[in-house]
Structure formats: structure tokens, C-alpha cells
Amino acid sequence: MKGADEEDVTVVIYTTTDDFGGTDTETEDFNTKSHQQIQHIGGETTRIRCYRLTAVCLLLLCVLLLTAITVLWIKFNILSSEKAKLETSHNNLTIERDQLQTRYNTLTKERDQDQLQTSYNTLTKERDQLQREREELERFSNKLGWIYFSSSFYLMSNEGKTWTESRQDCRGRGADLVIINNKEEQEFISKLLCSRKAWIGLNDRDKEEEWKWVDDTGQSTGYWGRGEPNSKAGDEDCVLTGDRSDPVWNWADYPCDDKFIWICEKTIFN
């Protein structure tokens, strides 16, 4: 027999043939059957122990699984809660960012508008001041015989002098012989002369046929009359305007010692 925490116990029953009134053969059969019964009882006990151990292991495994599932569920709930908080925080930050961007854009526009308005006001004041100064200068110049046109003042002489003397007179007035830069200026000079001839600030005295203005710039635009320049009279190194009836194409080269009236020019920036 076997207890719960004990080893198997084999009980051997010795009997005599007299007690049973049988033979030795019968006795042996009886002993054999008894031994088989004891072995059967021991095997069933071992299986029961295995079943119990298996049941305990399954129970422990279930407990562990349940514990793991519980822990994971708790962590999942915590993470879900943190995720929701992060999403809420992200949304709030996005809204604040958009509000700040809108505010920044508004302030930038206001700043730009203020700067533009300030610049506009400044330029308007400067323009008005320049306009007043120009009008005052025009009135003063007109009294002295100067005529204003396209950012320059012009003065036409009443007497004839050589090209060199004419230039000296202009420079003594803080000006120089006129430099004609475009067709509009040429037409203005022609109207001012009324078909008279006058020295202008163009010559080739330094090098023949290399025409230069009095500011040492080369001639880029010319309004020569037909057949001009030609040096017909010999050494013709200085230029005058008004030599032809054409109001525009009337430049001609003449000897610098000839005497003509002249036109001085003073730019408004000088």
C-alpha cells in the first residue's frame, strides 16, 4: 500500500497449507495473484501523481498567463491614455503654431505697410522739396537768362567768339559748352537758336576724326548735316549746330578760330 507522501509498501501474507487445506501449487497461485494486485495498485498511484502534477503545472501556467495578460492590459491602457494625451497636446500645439503664424503674417504686413507708408511720405516730402527748389532755381535762372529743359539749364550768348573763348565763358559761369545727348535735346537747341549757328561742345582737336565732347566722352549720337564733317575749309576741328535748314540734321565742322555765338549747359546736379 502507498500513502500520499510515502513509498509503495508490499505486504506478503504467508499462510500454511493447513490453514487453507490446499496444496503447495494452490499456495503459489495465490501468492502470484496477490503480487499482481499490488503492482496494479502501484501503477494506478503513479498515474494519479502524474495527473496531479500536470494539473498543478497547468494551473500555474494559467495563473502566469492571466497575470501576463493583466499586466499587458494595464500597460496597454496606460499607453493608450498617454497616446491620447500626446495627440491632444499635439493638436493644441498645432493650433497655437497656426495662430502664431497668422499673427506673424499680420504683423509682417503691418510692418511692411508702415515702412512703405513712411518711405512714401519721405519720398513725397523730398519730391515736393525738389520741386520747390527747381521752381525757385528756374525763376532765378530766368532772371539771369538761363532756360531750363530736361534737368539742365541753357544759356545762349549774344555775341560771337571763337570756340575756345566760348568755352572759357561757359566755364566761367560754372557750366560748359552744350553736350547734345538725344534728338529731343537737339530739337530744343534748334528752336532756341531760330536758324542761327552756335558752337557746341564737340571737337576733334586732339586727333583728326576722333570726335569728343568737352567732358572727354566719345561721340555716340550725331546729327551731322549732309556731307558733314568734311574739313572743307582746311583745319575744321570744332563743331557748331544750325548750319542747315533742317532743324535736326545740321551739325557741321568749322575752323575753331571762327566766331559764332555759343550755348552753355549746366546740369541741375552740378
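This is a predicted model: local features need pLDDT of at least 70, side-chain atom pairs count only at pLDDT 80 or more; totals for chains, interfaces and linings use all residues.
Trainee: Why is D243 called buried?

Mentor: The relative accessible area of D243 is 13%. Buried means under 20%, so D243 with its 13% is buried.

Trainee: How do you know that D243 forms a salt bridge with K197?

Mentor: The closest N and O atoms of D243 and K197 are 3.2 Å apart. A salt bridge requires a side-chain nitrogen of Lys or Arg within 4 Å of a carboxyl oxygen of Asp or Glu, so this pair qualifies. D243 lies in the loop between β6 and β7 and K197 in the loop between α4 and β4, so the pair ties together parts that are 46 residues apart in sequence.

Trainee: What makes E228 and R244 a salt bridge?

Mentor: Their side chains meet at 3.4 Å, N to O, and the cut-off is 4 Å; therefore the pair counts as a salt bridge. E228 is in the loop between β5 and β6, and R244 is in the loop between β6 and β7. Salt bridges that share partners join K197, E228, D243 and R244 into one network.

Trainee: Why is R97 called exposed, and why is D98 called partly exposed?

Mentor: R97 has 53% relative accessibility; exposed means over 50%, so R97 is exposed. D98 stands at 37%, which falls between the limits of 20% and 50%, so D98 is partly exposed. The two side chains meet in a salt bridge of 3.0 Å, N to O.

How values were computed. Residues are numbered from 1 along each chain as its sequence is written. Side-chain values use heavy atoms; hydrogens and water are left out. Buried means under 20% relative accessible area, exposed over 50%, partly exposed in between (1.4 Å probe, protein chains only). Helices (H or I, at least four residues) and strands (E, at least two) are DSSP runs, numbered from the N terminus.
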